[in-house]
Amino acid sequence: MSGKRRGPVLAGVDVGTTHCKAVLCTPDGTVLAQAQRRTPVDASGHAHDVSRLCRAALEALAACTAAAGCGPDAVGITGMAETGAPLDADGAPLLPALSWSDPRPAAHAERLRREHGAAELHQATGVLPSPKVPLAKWLWLSEENPEVVRRMRTWAGAADLVAHALTGAVGTHATFAQRTMAWDVHTGAWRADLLALAGLDVDRMPTVHPPGAPVGRIGTATAAALGMAPGAPVVVAGHDHLVGAWAAGVRESGEAADSMGTAEAVVTLADAAPDARATGRQGMSYGRHVDGVHWCTVAGMSSSGALVEWFCDRLLGLAHAPPDERYRRFAALVDQAGEGPTGVCVEPYLYGRSAPHPDPARRLALHGLQPRHGLPELAKALLEGASYQARWMAEVQGELAGGPPHTVTLLGGSVRQRTWVAIKAAVSPWRTLVCGAPDAACLGAATWAGAALGLDPAALAAARRPVDAPSAAADAYRHVYRTVFLPTVTAPATASRPVTDPATGADS
């Protein structure tokens with residue numbers, strides 16, 4: 001490759017639900033190049049052609065090497081959890097990659113709950129039965145397509161598939177294994193009894209490598225096709241939300257991350273595992289952080305950025321508009337809504353609520369609409385509802401951990417919506433920080449790639465800035481959170497709660 005450089009160059013790849021992203025950087029986090037490609041998905045929205053998925057990720061990586069004029073000395077890969085594909089003995093996919101969002105295994109998730117106990121499964125594996133966990137997918141496949149299960153030599157998650165495309169080897173990280181419902185988070189081993197439910201065994205699970213240990217090295221032909229030198233180690237860095245949190249500096253007990261993307265995850269760190277039964281009752285998962293040392297509690301909201309996408313598609317007619325145009329139009333609309341709470345309380349549940357107080361039947365609902373409200377207020381109210389929900393998740397995690405978080409760091413693509421960030425800071429009683437890196441998960445993956453070269457993965461931390469809300473806005477938003485949002489979302493779904501209009505002081 002052309003171009004002079006000093007010291008190693010690291011690559012991070014993020015195989016996300018919406019985009020496959022890549023970054024090339026130095027060990028101190030200086031970005032040399034970045035690129036992204038749309039994540040391919042089939043017409044159902046719940047499956048990914050494996051070759052196209054890998055091609056999108058590798059095209060983003062190749063675009064980075066071309067732009068920087070040099071290839072990486074190590075590659076780290078992160079991505080969405082639960083999405084994966086069965087591979088045969090030759091490493092060929094037997095099916096498209098089944099997305100975490102695929103609803104078809106729902107009956108088998110319920111079977112796990114009914115026959116083996118949700119609390120008992122959660123105690124051992126850290127996750128609750130749901131259609132997205134791979135164990136439910138494997139049970140579904142064993143019934144619907146037993147030949148696939150018979151021929152399956154191993155399972156590869158989304159990040160594992162890209163690592164396999166680079167190296168020819170299949171391996172994974174504990175933070176992916178602990179999302180399968182077949183990994184014991186306490187012993188750090190596959191559960192043979194749970195795998196046997198689907199006709200599988202430990203030998204047909206991917207090797208789980210220690211943090212920073214390479215799955216393999218880039219082969220000569222693959223390296224030539226990507227425009228880089230062969231032999232670079234490839235590391236599966238772990239679950240994207242956790243890898244992004246690491247890059248953002250969320251590494252110690254009492255710190256929390258709010259990872260904002262299509263879906264949203266709130267992650268709180270602790271030195272010890274939380275009380276499993278209490279955590280399970282709140283619909284939250286738990287397991288190890290990417291360092292393999294700290295524990296983390298994770299709460300998810302499936303409709304975060306998805307709320308904005310829904311609004312742009314359904315109410316603004318922008319389904320086919322370029323992403324930048326969609327976000328620009330949405331942001332301009334929000335700016336028209338003015339300062340302070342809108343007076344509209346949104347229950348931000350397009351697909352039910354998983355945590356806290358799980359309620360899968362809960363759906364998107366609006367309360368307190370006034371004649372004065374229009375599209376600007378509705379757009380901003382979506383951001384308010386999602387912000388209230390994120391505070392609620394972090395607040396309950398704090399209760400489980402014995403105290404509220406010291407800081408909550410916001411990261412992910414949605415932090416570019418400045419009004420959303422301002423609302424989050426106003427709603428929250430703790431110190432709010434914003435990660436300055438637009439692709440924190442990519443940087444985190446690159447950091448753990450560096451570990452394969454002997455570099456300290458703690459050496460790189462993306463810049464964070466504090467966000468302070470004006471006291472009047474903070475008082476108003478926190479009052480609405482306590483007196484309107486929480487009573488509304490914890491009431492029976494058929495109830496309509498009064499909402500005080502901040503413009504008039506009257507109940508609607």
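User: Leaving aside neighbours within four places in sequence, which residues is Arg362 in contact with?
Analyst: The model is predicted: local features need pLDDT of at least 70 and side-chain atom pairs pLDDT 80 or more, while totals for chains, interfaces and linings use all residues. Residues are numbered from 1 along each chain as its sequence is written, and side-chain values use heavy atoms, without hydrogens and water. On this basis, the contacts (heavy atoms within 4.5 Å) of Arg362 are Glu347, Tyr349, Tyr351, Gly352, Arg353, Thr488, Val489, Thr490, Ala491, Pro492 and Ala493.

User: To which side chain is that of Arg362 joined by a polar contact?
Analyst: The two side chains lie 2.7 Å apart at this polar contact, a pair of N or O atoms, one able to donate a hydrogen and the other to accept it, within 3.5 Å. The partner of Arg362 is Glu347.

User: At what angle do the axes of α13 and α16 cross?
Analyst: Helix α13 covers residues 375-401 and helix α16 residues 471-490. Among the residues that meet are Tyr388 and Trp392 in α13, and Tyr477, Phe485 and Val489 in α16. The axes, fitted to C-alpha atoms over the stretch in contact, with angles from 0 to 180 degrees between N-to-C directions, come within 10 Å and cross at roughly 85°.

User: Which strands stand at the edges of the open sheet of seven strands?
Analyst: The order is β17-β18-β16-β15-β21-β22-β23, with mixed pairing; a pair needs at least two DSSP bridges. For example, four bridges join β17 to the antiparallel strand β18 (residues 295-301), where Ser285 stands opposite Val298. Each edge strand has a single partner, so one side is left without a neighbour in the sheet; these strands are β17 (285-288) and β23 (464-467).

User: Which residue in β5 stands opposite Val13?
Analyst: Six strands form another open sheet, also with mixed pairing, in the order β3-β2-β1-β5-β14-β13. In it, six bridges join strand β1 (residues 10-15) to strand β5 (residues 74-79), and the two run parallel. Helix α5 (residues 158-167) packs on this sheet, touching β1, β5, β13 and β14 (233-239). The residue opposite Val13 is Ile77.
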